[in-house]
Amino acid sequence: MQSRFYIYFIFLLFSTEVKSQTADSLVILMCNQCNSPDQISAGDDYCVPTSFTKEIYGYDSLDNLIYSTLSKKYLATYSYVFEDSIHYTYDSLGHTENYIKYAWNQSTQSWAYDEEYFYAYNSLGGEDSIYRSISGVQSAYTIRTDSLSQLKTVFYWKWGGSIWEPDKRYRHWFNSQWLDTLYLVDEWTGSVWLNKTQTTKTYNLQYNIEESISSNWQPFVWAKSQQDLYSYNASNELILHETNSWQDSIQAWIPKEKYAFEFYTNPTIYGVYYLVWNKTISDWDSIYHDVTTYDSSGRDILNFLNEIWMPKTSLTTKSYDLNGNQISTSYSTSLGASSSSSYIFNSDNLIIHSETHSSSKHGVGKDFYCNWYRISVDSILFSIPDTLHICQGATQQLTGELIYPEHEFTYLWTPSVGLSNDTALLPVFSPQTSTQYYLNIFDSTGIISTYPLFVSIETPNPAPIIDSLISNGRCFPDTIQLFFHPQLQQTYTWYRPGSNVWVSLNDTLFFSSNGLSDSFFVEAIDLNGCISRSDTIEVSMNAEPVSNISSSPAIFCAGDTVMLFVSPYLASARNYQWKVNGIDSIGATDSTFTIFDSGLYSIRVTDQNTSCEYTKNFTAGFGSINQPALIVAFPDTILCANDTTWLSSMYNDTSWNYTWIMGNSAYSSSPSIYAVTGNSYYFRIRVGNCQVNSDTVTIYKDNFKPSISPGGTISLCHPDSVLLQSSQATSYVWSTGETTSQIYVDTSGLYFVSGIDSLGCQNVSWTTQVNKLPMSPPSQISYSTPYLISSINSISLQWYRNDTLIVGATTAAHWPSMDGSYIVSYLDSNGCIVMSDPYYYSILGIGSIENKNTVQLFPNPISSESKISYSGKGKVELIEIYDSKFVQIFSLLNPGSNYILDKFSLSSGLYFGRVRIELIDSKVDHWIKFSVID
């Protein structure tokens, strides 16, 4: 148990170590040597590593695998050497079309050609229709869609006869969903697949019966051979796979083996029991139990295999990076065999490097220990070319993409001749002749890898020679054609001296420039990138002696005198000859020419220095308008706000081009228009090069529109009114029928006014909305000695005497100090002031009834209780208590003539009591002022 525990510990440590590393510091645990704990002599049991392998992968831009290179570590030297290298090519659909395998020749330190495979595909593109290897095996698929069958024929190369000899195999029949219903091999064995439903899902497969030719070998007489049964749970997970074999003697199926799948309640655990049929006990007997553990992402991280009949146990652990890629696998058994694999991915999550280490134990009965150490896989080259092409006389820095930064490996290039540094990973190469180099990569144990690199010194092709052809001399716009004779497998670029901006990528360059010169050369690049340059050629072109013919004036009509002239004008260097309708005009040899009629005029200009000759043409057209341009309209028209007026040309000639001008801007191109704004209007007629303007009509726009002040929405309190005032007009008509410039309004409604101004234009104002707010109830004033009481208590109360505001009188109770007419007001919810009816108060009792009867409260102030007593006519109807802010806190009806007033919960302070006496024909209020003390 000691050794078993130790092996588990090592591999769990490996898994944890790798999983915790980041992508830039990934390391591999590797078994270097295995010894017993004690010093042992030769012949004792020991553990040795049996293999260390690693593989590097490369991909194209479409992520297709294009090569893989396998290397193995020799046990004697612990250094890696190449084993084989496989290269792939693909067709446009991504199918593999070529597979080439190379083997490493250790003696020559080079790759040797090993084997090659070719593929072709049928029209469906899903299966290869032809497959051939150079080792002499070829196979072909054919699909017959009419009978839903498929045939694969394998051909063997018969060396003696040098022909392909067929061997018929692999015949398939399919149902309508292209699922196998019958499968034959060598026409002697077959399988019949039956499905529960017509679907392509594998879990719906119910059972499979294999049959073979019967023992008497009668053709196409099939006998049952094997049967597979499958069971699934409600989640379509496979829970049982049982295999039966056919027994001819009893004509029945005999159980053979089965797998029982367990899905534990913990979703990260999965188990499989493997059982075989025990004929002795006629029951199933277990062979092994396989348990797999999964992480939260559903990836298996631990597998424990326990074989029941043999004392053998295996353990497999896996780890993953943050992208979900598996980066390590560890495997160990109780008998000492162990292996570990690690994987490295690029940014596209494709494997670019894998490494496997294995060890085994020799002997039985001895415990052993493994000493593990870490080696770095930093600095492994992702790609290095097989051949480096350098142009003769040039140097080149080797480039390559690294998986990780170098820091733990050393390098040695052999031979060292022509290298800037033979111990640098990427040196500068400058050999004089083609040389085979090898890059040896070392770790602390020695060489772990060797990369071959052949440096080929390339001789550039001869420089191109430029030739030229000139069409029609060197007078612009003639053309000079520069060209050379191109060679195959070279690219060419035209440049100007001193510039790295290319001019042309064609074999021929055309030059045509008005009076300028230029220089060009050609740069040729061959397939190896070697550059050769032609000599520089200079070209020039004489300028044309005249640029154009102009006229003065530029636009002319019948009767005008027009001068034609050419530019530039250099009399000492030019000869001129004017022509009229193609005929030389005698004596017209100046740079100017006067014309009076329409026609075709030309000038031939000859440069006296270059003899370049150039002809320019000028077509003269003298236009005319025979009818006057007059406007049909009311002169100086005045338009009211919504009015328009029609303006038109007196004559309408379809050959004329009209342009109406409003103010200073073009307005319309029609013969007639409608004017809607105040402005000046005229039109312009153009016929050929001639034009004429019409007379001008001025339109005055009266934008009169009355307005109401105030406008918008007005809210009125009761009984207010508002004065609506119209803007200036000569006459008025209000929506109410009134005809004055202003009206008073005291009811809700929409109000507007129609007016006429001094020019006679009539318009209607915008409306004014008047809202009469609802009237709130006024306060009722009553008298209760010695106060006037408001029936409404509001924070906005205000008392008035004889229509004069009483300063500070803002509470519901007011103690009048003199005779007068009292009014109380408050602000309602609409913000309106609501006034009460006047209450006339006099010391003699006008406005209230003075009661001579007596109301007393004793004791006063109150410390615990007091008596309110009344003597006189009538009876006590009501007693009320108010605090100092005149807020009622107590009320009692019909209390009797004597009432005991308890302190209750009254706090210390000033209070008012009202005692209402009911008489025969009236009611009188008596007020009592009292205090409460603790």
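**Entry 1: the chain as a whole**

Among contacts in the protein chain between residues at least 6 apart in sequence, what percentage join residues at least 24 apart? I looked this up first, and the share is 44%, with a contact taken as heavy atoms within 4.5 Å. I note that this is a predicted model, in which local features need pLDDT of at least 70 and side-chain atom pairs count only at pLDDT 80 or more, while totals for chains, interfaces and linings use all residues. Residues are numbered from 1 along each chain as its sequence is written, and side-chain values use heavy atoms, with hydrogens and water left out.

Of its 934 residues, 40% count as buried (buried is under 20% relative accessible area, exposed over 50%, partly exposed in between, with a 1.4 Å probe and protein chains only). The chain exposes about 51200 Å², of which carbon and sulfur atoms supply 52%; the areas come from the Shrake-Rupley method with a 1.4 Å probe, and for residues only the protein chains shown count as cover.

**Entry 2: salt bridges**

I counted seven salt bridges in the structure, each a side-chain nitrogen of Lys or Arg within 4 Å of a carboxyl oxygen of Asp or Glu. One of them joins Asp518 and Arg496, at 2.8 Å from N to O. Asp518 belongs to strand E37 (residues 517–526) and Arg496 to the loop between strands E35 (490–495) and E36 (508–511), so this pair ties together parts that are 22 residues apart in sequence. Arg496 is partly exposed, at 37% relative accessibility.

I then looked at Glu880 and Arg914, whose side chains meet in a salt bridge of 2.6 Å, N to O. Glu880 sits in strand E75 (residues 875–882) and Arg914 in strand E78 (residues 909–918), and the pair links parts of the chain that are 34 residues apart. Glu880 is buried at 8%, and Arg914 is buried at 10% relative accessibility.

**Entry 3: the sheet around E42**

Which residue forms a salt bridge with Arg574? I find Asp607, with the closest N and O atoms 3.0 Å apart; Arg574 is in strand E42 and Asp607 in strand E45 (residues 599–607), 33 residues apart. Arg574 is buried at 11% relative accessibility, as is Asp607 at 9%.

Two bridges join E42 (residues 574–580) to E43, and Lys579 stands opposite Asp584 of E43.

**Entry 4: aromatic rings**

My search of the whole structure gave 24 aromatic pairs (rings of Phe, Tyr and Trp, the last by its six-membered ring, with centres within 6.5 Å; planes under 30 degrees apart are stacked, over 60 edge-to-face, the rest tilted). Phe484 and Tyr492 have ring centres 4.7 Å apart and planes at 45°, so I record the pair as tilted. Phe484 is buried at 4%, and Tyr492 is buried at 8% relative accessibility. Elsewhere, ring pairs link Phe82, Trp104 and Trp111 into a cluster.

Technical notes
Pairing = 2+ DSSP bridges. Helix = DSSP H or I, 4+ residues; strand = E, 2+ residues; numbered from the N terminus.
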